[in-house]
Amino acid sequence: MKHFEDNFAHNSLPSQDLMPDYNFLNSPQFQHSEMLNCVDKLLDNHINEGRGHNICIRTFDATWTYKELFEKANQIAHVLVEDLGLISGNRVLIRSANNPMMVACWYAVLKAGGIVVATMPLLRAKELTTIIDCAEISHCFCDATLEEEIHLVKSSFLKKISLYGNSQLEDLMQSKPKTFSNYHSKSDSVALIGFTSGTTGLPKMTSHYHKDILNICECFPQYSLQPTQNDIFTGSPPLGFTFGLGGLVLFPMYYGASTFLIEKPSPDHLLQAIQDYKITICFTAPTAWRVITTKVKEYNISSLRKCVSAGETLPLKVWQDWHDATGLKIIDGIGSTEILHIFISSNEENMKPGATGLAITGYEAKIIDEDGNELPTNVSGRLAVRGITGCKYLNREDKQIEYVEKGWNITGDIFRKDDEGYLWFVARGDDMIISSGYNIAAIEVESVLLTHEDILECAVVGLPDEERGMLVCAHIVLKDMSKATDAMKNRIQHWFKEVAAPYKYPRVIYFTEELPKTETGKIQRFKLK
């Protein structure tokens, strides 16, 4: 019998010679048997070992134990197989804000042998359609409050949409058993697909194995957090980001701790949760840490012991202001969707303010030139990383060749290494705009703007901004430049937020008679920057 009945993901993996180097580490903690379903360790074992009544998920309105999550995930897995016709290897999109049912659906997909594609609630129908078509997604779980956009999706691949939130999924679950025999996945079966925009309009599918999901739980948490069952995690990143998935689901549940999920995690909501629910570990982006620092004196955050920042580089001033206000040290880290989670960071013992840190347990890093030669200390160059996870693009050999060189992952970041081996962020090596923790590809914004009836040409760049890190800035040539008014800027911005994810909209717009170009017609973005 074939391992996958739907072999799309397996057949779309890069060839072996293009794979990242997984084999330089032989530590027993990263070795797994051939057959492995990561849910056994993350969820089922807590029930088997008598921890079912421990609190697993909290929100402002609900509390779920491990047993309740386990039983709901099992019932949803039955629905997938028996009512929705899922076969192993099918991709299942989850469209939801951070809430307990999203987590239950996430586990259910893997229990049933499917592959999870978690998305952010801000995505619009056009973006969802692209994701569904690229990954040939057949099934979707959608929070009923977000159903409008999913019903606008036009794709021949999507066969089944199941809504939850006092809706059809709960009705189907009621008659299902609360036990389920997990699908016998292989340790190197694809468990999840994450989408990354990169620097091209066509999104890239990053894939990760069941063993990858467990391995990251042995790395950053052990290195920087030292979690126990008594810890309560919270944070702002969506579970559609691997940063959020790790920090708010995988890490707490691997260690039998609990997580506090917030659907709309404003700084005040985060601080309220920390105060009222005695949160001990918080994950968020530098932008949020900056705002939280201005409000922290209004709340009692004495329970908080670990603060984690990722998504964009952490300015030293943000780190210092938070430390001055609270006495706590923010743990900076860099990760990527391609490598699944944080691979360079620090802990309270080895932290050097302003530096991103050192390669954590399970990874190594070096700075290289354009030819792949390692550079001396204090010389800026390309960051190269290898470890127990790595880039495995599906159906994008052209991009796999760019990202993986001789087994090393080339992240697109420019770093330098100091005399003590600490890694310092210098810049992004491409046209990615990182704003408030969101990765926004300039060309993606341009492709949306060019569909506007009044826009002839445009070029998008990132502008440095103290509050957000960077702002999306659009230089636009109108078909009729007599319309180049502030009112037109506002109309374009409002229109953009209707047709694409609002966080991508250009906060700054300049109208111009022409864009700077080379003789061959290529836009010279460096001049606009």
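Two strands pair if DSSP finds at least two bridges between them. Strands here are DSSP runs of E, at least two residues long, while helices are runs of H or I, at least four residues long, and both are numbered from the N terminus. With that, take Cys 282: it stands opposite Cys 307 in β12.

Before I go on, some ground rules. This is a predicted model, where local features need pLDDT of at least 70 and side-chain atom pairs count only at pLDDT 80 or more, while totals for chains, interfaces and linings use all residues. Residues are numbered from 1 along each chain as its sequence is written, and side-chain values use heavy atoms, with hydrogens and water left out.

Nine strands make it up, in the order β2-β1-β10-β9-β11-β12-β13-β14-β15. The sheet is open and its pairing is mixed. At the edges are β2 (63–65) and β15 (358–359), each pairing on one side only.

What lies across β1 and β2? Helix α3, residues 66–83, does, and it runs at about 80 degrees to β2. For angles, axes are lines fitted to C-alpha atoms, for helices over the stretch in contact, and values run from 0 to 180 degrees between N-to-C directions. Contact means heavy atoms within 4.5 Å.

Next, helix pairs. Start with α12, residues 286–295, and α13, residues 316–326. Their axes come within 9 Å and cross at roughly 35 degrees. This crossing is left-handed. That term applies if the near helix is turned anticlockwise from the far one by less than a right angle; clockwise is right-handed. From α12, Pro 286, Trp 289, Arg 290, Ile 292 and Thr 293 meet Val 318, Asp 321, Trp 322 and Ala 325 of α13. By class, that contact has six nonpolar, one polar and two charged residues. The classes: Ala, Val, Leu, Ile, Met, Phe, Trp, Tyr, Cys and Pro are nonpolar; Asp, Glu, Lys and Arg are charged; the others, Gly among them, are polar.

Helix α12 also meets α11, residues 267–277. Here the axes come within 9 Å and cross at roughly 65 degrees. The crossing of α11 and α12 is right-handed. Pro 267, Asp 268, Leu 270 and Leu 271 in α11 touch Val 291, Ile 292 and Lys 295 in α12. That contact holds five nonpolar, no polar and two charged residues.

On to His 210. Is it buried or exposed? His 210 counts as buried, because its relative accessibility is 1%. Buried means under 20% relative accessible area, exposed over 50%, and partly exposed in between, using a 1.4 Å probe and protein chains only. His 210 sits in helix α8, residues 210–217. A polar atom of its side chain lies 3.1 Å from the backbone nitrogen of Cys 38. Leaving aside neighbours within four places in sequence, its contacts include Leu 36, Asn 37, Cys 38, Leu 110 and Val 190.

Val 190 brings us to another strand pair. The bridge partner of Val 190 is Tyr 209 in β8. Strand β7, residues 190–196, and β8, residues 204–209, pair in the antiparallel sense over six bridges. Strand β7 is mostly covered, with six of its seven residues buried.

Five of its five residues are buried, so β3 is largely enclosed by the rest of the structure. Arg 91, Leu 93 and Arg 95 point one way, Val 92 and Ile 94 the other. Its partner is β4, residues 115–119, parallel over five bridges. Leu 93 stands opposite Val 117 there.

Last, a three-stranded sheet. The order is β23-β24-β25, open, with mixed pairing. Both β23 (455–465) and β25 (508–511) are edge strands with a single partner, so one side of each is left without a neighbour in the sheet. The twist averages 25 degrees from one strand to the next. Strand β24, residues 469–478, pairs with β25 in the parallel sense over four bridges. Ala 474 has Ile 509 in β25 as its bridge partner. Helix α16, residues 486–499, packs on this sheet and touches β23, β24 and β25.

Leu 340 has a positive phi, near 90 degrees, in a residue other than glycine. Leu 340 lies in the loop between β13 and β14.

Definitions and conventions. Polar contact = N/O pair within 3.5 Å; in protein donor to acceptor, adjacent residues only side chain to side chain.
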